[in-house]
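User: I would like to go through this model and ask, for each description, what it rests on.

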Amino acid sequence: MELKDTLIETLGMEIVSLEKGRVVATMPVDERTRQPFGLLHGGASVALAETVASIGAFELCDKEAESVAGLEINANHIRAKKDGIVTAVATVLHQGRTTMVWDIKITDENDKLICTSRCTMAVIKRK
């Protein structure tokens with residue numbers, strides 16, 4: 001999977017752990033990911049959440065015959081963050097033939113919840 005020249009690289013995301021049904025990634029809270037008021041942008045949190053769900057879903061599909069795409073995502077922004085690093089942990093809740101549902105928790109360095117998200121991924125047959 002190519003991460004160079006993508007939003008993943010632009011926002012400074014790093015995949016820390018990748019296993020079947022679970023993905024962990026980090027993202028800095030800095031000038032790339034803050035909104036104009038100096039806080040972590042909710043859109044950056046959602047981008048991180050969908051990234052870990054997408055990577056996790058792709059790991060669970062037949063890479064020769066299938067691909068994945070985000071179908072729906074929601075997020076609750078629980079706590080503000082001004083700087084440092086956030087960590088996303090994505091776990092699969094449902095792995096079906098045509099969809100997967102992922103739960104994503106984004107926490108700070110003190111394990112405080114910053115954002116919680118749920119992402120539904122479509123499993124697409126390649127032609």
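User: What makes up the charge count of the chain, and how far apart do the centres of the two sets lie?

Analyst: In this predicted model, the chain carries 16 positive and 18 negative side chains, where Lys and Arg count as positive and Asp and Glu as negative. The centres of the two sets lie 5 Å apart, and the C-alpha atoms of the chain fill a box of roughly 45 × 30 × 25 Å along the principal axes.

User: Why is the chain called as compact as a globular protein of that length?

Analyst: The chain has two helices and six strands, which run α-β-β-α-β-β-β-β from the N terminus on. The globule rule gives 14 Å for 127 residues and the radius of gyration of the chain is 14 Å, so the chain is as compact as a globular protein of that length.

User: What share of the residues counts as buried, and what does the term require?

Analyst: A residue is buried when its relative accessible area is under 20%, and 42% of the 127 residues of the chain count as such. The accessible surface of the chain comes to about 7,000 Å², with 51% of that surface belonging to carbon and sulfur atoms.

User: Where does the label "domain: Thioesterase" come from?

Analyst: The label comes from UniProt, where an unreviewed entry lists residues 37-115 for it, and such annotations may be inferred rather than shown by experiment. Over residues 37-115 the model is 24% helix and 46% strand, with the end C-alpha atoms 18 Å apart.

Definitions and conventions. Residues numbered from 1 in each chain as written. Predicted model: local features only at pLDDT ≥ 70, side-chain atom pairs only at ≥ 80, totals over all residues. Heavy atoms only, no water. Helix = DSSP H or I, 4+ residues; strand = E, 2+ residues; numbered from the N terminus. Rg over C-alpha atoms; globule rule 2.2 N^0.38 Å. Buried < 20%, exposed > 50% of the residue type's maximum accessible area, 1.4 Å probe, protein only. Areas by Shrake-Rupley, 256 points an atom, 1.4 Å probe, with all protein chains shown as cover. Charge placed at Lys NZ, Arg CZ, Asp CG, Glu CD.
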